Amino acid sequence: MISIRENIVRLDTPNTTLLIDTDGEIPQYLYYGKRLPPLKDGCAFLRPEKERTGALLDRQILSQFGRGDYRESSLLLRDADGSVASRFVFRKAETAEKPAAANLPGARDAAATVKIQLCDQPSGIVCNVFYSAFEDTDAVAVSTELLNEGERPVLVGKLASLQLDLNGNDYTVSTFDGSWAAERIRHDRTVGNGLFVNQSKTGSSSALHSPMFLVSDTEGVFGFNLVWSGNHKETAESNSFGVTRIIVGESDFLYEVRLGPGERLLSPEAVMCRASGEEELTKAMHAFVNAHILPKRFSGVPRPVLFNSWEGTGFCFDAGKLVSMARQAKALGAELFVVDDGWFGRRNDDASSLGDWSANPEKTGGGLEALSARIRETGLRFGIWTEPEMISEDSDLFRAHPEYAMAVPGRDPYRHRNQLMLDITLPPVKEYIVRSVGDIIEKSGADYVKWDYNRNMSDLPANGRNAVHYFRRYILSLYEILASLTKKYPDVLFEGCAAGGGRFDLGILSFMPQIWTSDNTDARERLDIQFSTALMFPQAAMGAHVSASPNGFTRNSTPLETRFNVACGGNLGYELDPETLSIKDRRTIRAQIAFYKKYRALFQFGTYYLLERKHASEICGYLSVSPKKNAAVGSVFVRNKETGKGNFRFSFKGLLPDAVYCVTERRQSNYASAHTFTATGALLMYGEIGLDGIFEDADAPENSNCIFSRMFVLKKIK
Ligand code: DGJ
């Protein structure tokens, strides 16, 4: 997988090859693309034309300020005396252990790692760039490390994880941006000659700009992501010499780490992947996340069908209501009941009690032990919501420990959703969180914990140290807390959440096997969010729920079967009050859950295909195919039906061309018919399948902005 011969570092993944030339001051990328056969006659002709243009034609593995290269750089060091200059020079390349640092998550089970070492002579700062390859995916993990082998401290103003310089300046950059309830909406732009920045300065990976990032050319796509949950920055900069520099890593916004003699700083891990197209990229990234990021204990483990109380009750419930909801959820086939916000302290709205994690006796019927016992008696497992990183000013915790809040003494802090954040960098706060979450788990025997995070950072305290690397210390403290809790409670299924999907990243997924994708459960809008997320994150990482119709936010009405077909794109759950359901809807949900359970392994772990990538078009869908391609399940959606237009067609993907499949439409309660037909995989993939009768949906509400959908099951019969 990795070889180092005649100054060339070669890294092979199943389908790609990366070549780095170490014969020079700074190692250069020579090639990153389709897998190559053994190099017989060398590859010197791939080198940049150094003499003519200096650094501007270089395709370096790292860059530093100055030395004739004034593009965005991956590294910025300042001497303790304030001077700024560095000259890193290649020292050696060797195979190595994958680097690790306390509490910093990273991909596990790499097949091989190479370390490329450079050194800045006068300061004695050593820089190691690590590339790790894996047996079963084309994703490559990259991180950068600084070691101070000198005698004086340095200030690190930037340490990116990865730099990839590419030939060409006609790349399209795709970012995934948005806000609460509109996370990871895709935007494509051409970089041209210029600098493009994708960044989060919120303190979290954020709903504003996700760290997932694509750079496409006519040959395919480069995908990037980061195993990190805090501020991040990805840049693409093209110069007039036709070189595009990609830098991926932690943001340098308010970033400065003092590195004393003998000290070491490891960047978060970046992930890069070269693929012939987005379908291949998705395959590689899903394989990577499933096998190398999600906690081993949950990798490939079926996720339960849950009922969550939030959209059904909000803050307004008592134990009787919850138990009755759970009883009905059980009758519908659910496996887990989640008590969301409102069960603790005096929490009847969002203005109080965060931090007071003891149960409200009236609302829980005597405490968590009593409530969870009653929920379990219905035959369901018990799940509970908490928001451990937060504090309400109206809480016993704040009254006892105002110093626990993230605030700057003497300043009125910025409040969001009426709450402040806890300063989890303080050891007593860390201990408080570990203790209080542990207490919730032990009292309730929770099988599942939803870990929410409903605001971003402001008012960064110094606490006797420099607030400029507060963001970093915060995330490392979060990881320390998560590492301790997940080690102590390895069987608890944690679901990450940040006002929906505001912290949907590989760092969180290293500890929590799934994340609530978005608070937006409007089926139509949800499709885009799920499709974009699924580009780089597997289905089993995405929480996806059926909620009531009309939707609480958009007021759009959508047939129950369509809401289900959308939610099957992730881990299925329901988030509505089952007591409000009609007899017909109950019958429908019972059939839906039974269907989902039957095909759960396929839905959650099958190879995922988007059936149409252009989200603006009328037809879109997804298909999950079994590893041997003998079964598949998925849904097709038609949106924006316009009068006088028709001929809606689609094709399947990922099948065996020569095999014969039986295609069955799931019998939906809103259609009289459910077609079945047989055809070869080739015809199903290359032909165009009609959606006759899809607009005869009996439940399509009048005056609604609705979408039409069908679910298909494919079985190989020959
Ligand atoms: C935001 C989450 O995304 C919701 O699912 C819900 O848990 C609320 N917080 C509760 O306050």
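In which loop does proline 550 lie? The answer is the loop between β29 (542-547) and α12 (560-567), where helices (H or I, at least four residues) and strands (E, at least two) are DSSP runs numbered from the N terminus. The peptide bond that leads from serine 549 into proline 550 is cis, with omega near 0°. Most residues other than glycine have a negative phi, and most peptide bonds are trans.

The structure is a predicted model, in which local features need pLDDT of at least 70 and side-chain atom pairs count only at pLDDT 80 or more, while totals for chains, interfaces and linings use all residues. Residues are numbered from 1 along each chain as its sequence is written, and side-chain values use heavy atoms, with hydrogens and water left out.

Taken as a whole, the chain has 15 helices and 38 strands. Its radius of gyration, taken over C-alpha atoms, is 26 Å, close to the 27 Å that the globule rule gives for 718 residues, so the chain is as compact as a globular protein of that length; the rule itself is 2.2 Å times the number of residues to the power 0.38. Along the principal axes, the C-alpha atoms fill a box of roughly 75 × 70 × 40 Å. Of the 718 residues, 62% count as buried, where buried means under 20% relative accessible area, exposed over 50%, and partly exposed in between (1.4 Å probe, protein chains only). Contacts are heavy atoms within 4.5 Å, and among those between residues at least 6 apart in sequence, 70% join residues at least 24 apart. The chain exposes about 26,200 Å², and carbon and sulfur atoms supply 50% of that area; accessible areas come from the Shrake-Rupley method with a 1.4 Å probe, and for residues only the protein chains shown count as cover.

The ligand comes next. It is surrounded by 13 residues, the closest being Asp340, Asp341, Lys450, Asp452 and Asp519; a residue is near a molecule if one of its heavy atoms lies within 4 Å of it. The shell divides into five nonpolar, two polar and six charged residues, with Ala, Val, Leu, Ile, Met, Phe, Trp, Tyr, Cys and Pro counted as nonpolar, Asp, Glu, Lys and Arg as charged, and the others, Gly among them, as polar. Oxygen atoms of the ligand lie 2.5 Å from an N or O atom in the side chain of aspartate 519, 2.8 Å from a backbone N or O atom of glycine 500 and 3.1 Å from a polar side-chain atom of tryptophan 385. The protein covers 98% of the 290 Å² of accessible area that the ligand has on its own.

Glutamine 163, in strand β10 (residues 154-167), counts as buried at 2% relative accessibility. Its side chain makes polar contacts of 2.6 Å with that of serine 63 and 3.3 Å with that of serine 74. A polar contact is a pair of N or O atoms within 3.5 Å; within protein, one must be able to donate a hydrogen and the other to accept it, and residues adjacent in sequence count only if both atoms are side-chain atoms. Leaving aside neighbours within four places in sequence, the contacts of glutamine 163 also include Tyr29, Arg245 and Ile247. Tyrosine 29 is 134 residues away from glutamine 163 in sequence, yet 9.9 Å away in space, C-alpha to C-alpha.

Leucine 572, found in strand β30 (residues 571-575), is buried at 0% relative accessibility. Beyond four places in sequence, leucine 572 is in contact with residues including Pro304, Val546, Phe564 and Tyr596.

Threonine 378 sits in the loop between α6 (368-377) and β23 (381-386) and is also buried, at 13% relative accessibility. A polar atom of the threonine 378 side chain lies 2.5 Å from the backbone oxygen of isoleucine 375, and one lies 3.4 Å from the backbone nitrogen of leucine 380.

Finally, two residues other than glycine have a positive phi. Aspartate 109, with phi near 60°, lies in the loop between β6 (88-95) and β7 (112-120) and is partly exposed at 46% relative accessible area. Serine 206, with phi near 80°, lies in the loop between β13 (194-200) and β14 and is buried at 4%.
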